[in-house]
Amino acid sequence: MPGRLYEKQDVTFERPSSRGKFVVGGVLIVIVVAVIAVAIAVPLAVQRRETTSDIARRLMEEVPLVDGHNDWPWQLAKYNGDQLSQINLGNDLRTVYPISHTDIPRLRTGMVGAQFWAAYVTCDAQYKDSLRRHLGQVDVIKRFVEKYPDVFQFVTTADGIWEAFRAGKIGSLIGMEGGHALDSSMASLRMFYDLGVRYMTVTHSCTTPWADDWHETGKEVPEHNGLTDYGKLVIKEMNRLGMLVDLAHVSFKTMHDALDVTE
């Protein structure tokens, strides 16, 4: 009997030890599972946390970013006489052509979806050869768009912008920077529209015979005190054609007059 009692005690003594092993083993399993779960969850959480740049890039992949003004055509005219053969826009031009901020690699990096190329000439051309020189700017825009057909697509409408965007191209539009381009001719305005111009800045840094530029703001006696009657007709004709009215560079009064008359 003593031996049996001793054996029972021995059996009784081992059972708690075995249960403890199960508890320790269970805890270890829980810890390992928790570590694995954390190892998986942390990278997933990092992936889900979008930065501001991530959000911007995602939106620009879905919707075309339209840049409303690029002076590249003027740089070509001023420094290269519109000689496209001298400049390869497909190269990174930062070291060889630092006067410009534009080349195809940077347009692509910036995810530009559509670009208004500015047709511009200086105000000293007013009353001289402004019309001819602006035609030259329109011409060079069309030529470099045609030179890189895999990158650019000439467009004149919002639908055209989307079409180019879906094709992986940069929709290229023309904006004319300065009403001195018209030589005060409504026919010139209509012809520029037919050539693809889709916005016109009413003035640049020079008052035209029909609109005050920004220099006239604050003067006791501005030249026209805003838009003349003919200037108001120009705005109405732009409305009729479907040409955007750009009020950069104009006087405060010209702005108000244009907003009052526009439809």
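Before I turn to the model, one definition: the expected span of a helix is 1.5 Å times one less than its number of residues, and helices (H or I, at least four residues) and strands (E, at least two) are DSSP runs, numbered from the N terminus. With that in hand, take helix 8, which has 13 residues and reaches 19 Å from its first C-alpha to its last, close to the 18 Å expected at 1.5 Å a residue.

What you see above is a predicted model, in which local features need pLDDT of at least 70 and side-chain atom pairs count only at pLDDT 80 or more, while totals for chains, interfaces and linings use all residues. Residues are numbered from 1 along each chain as its sequence is written, and side-chain values use heavy atoms, with hydrogens and water left out.

Let me begin with the overall picture. The protein has 9 helices and 6 strands, and of its 263 residues, 39% are buried, where buried means under 20% relative accessible area, exposed over 50%, and partly exposed in between, for a 1.4 Å probe and protein chains only. If we take contacts, meaning heavy atoms within 4.5 Å, between residues at least 6 apart in sequence, then 63% of them join residues at least 24 apart.

Now to strand 5, residues 197-201, which is mostly covered, since 5 of its 5 residues are buried. Which strands pair with strand 5? Two strands pair if DSSP finds at least two bridges between them; strand 4, residues 170-177, runs parallel to strand 5 and is joined to it by 4 bridges, and strand 6, residues 244-246, pairs with strand 5 in the parallel sense over 3 bridges. To place these on the screen, Ile-174 has Val-197 in strand 5 as its bridge partner, and Thr-201 has Asp-246 in strand 6.

In helix 7, the buried residues are Met-186, Ser-188, Leu-189, Phe-192 and Tyr-193. They cover an arc of only 160° around the axis, which puts them on the same side of helix 7; the arc is that of the directions from the helix axis to the C-beta atoms. These buried residues pack against helix 5, strand 4, strand 5 and helix 8.

In helix 8, the buried residues are Gly-231, Val-234, Ile-235, Glu-237, Met-238 and Leu-241. Why do they line one face of the helix? Seen down the axis of helix 8, they fall within an arc of 160°, so they line one face. On the other side of helix 8, Asp-229 and Arg-240 are exposed. The buried residues pack against helix 7, strand 5, strand 6 and helix 9, residues 252-261. After helix 8 comes Gly-242, with a positive phi near 95°.

That brings me to the interior. A nonpolar core is a set of buried Ala, Val, Leu, Ile, Met, Phe, Trp, Tyr and Cys residues joined through side-chain atoms within 4.5 Å. The largest such core has 43 residues, of which Trp-72, Phe-144, Phe-152, Leu-189 and Met-200 touch the most other members. Its largest share, 5 residues, comes from helix 5, residues 130-147. Apart from this core lies another, of 7 residues, among them Phe-116, Ala-164, Leu-173 and Tyr-199. As for Leu-189, its contacts beyond neighbours within four places in sequence are Leu-182, Met-200, Val-234, Glu-237, Met-238, Leu-241 and Met-243.

Two serines deserve a look. Ser-130 lies in helix 5 and counts as buried because its relative accessibility is 3%. Ser-100 sits in the loop between helix 3 (72-80) and helix 4 (104-109), and it is buried, with a relative accessible area of 6%. The C-alpha atoms of Ser-100 and Trp-72 are separated by 7.0 Å, although the two are 28 residues apart along the chain.

Finally, a note on backbone angles. Most residues other than glycine have a negative phi. Asp-82, which is not a glycine, has a positive phi of about 65°, and its place is in the loop between helix 3 and helix 4. Asn-225 has a positive phi near 60°, and lies in the loop between strand 5 and helix 8.
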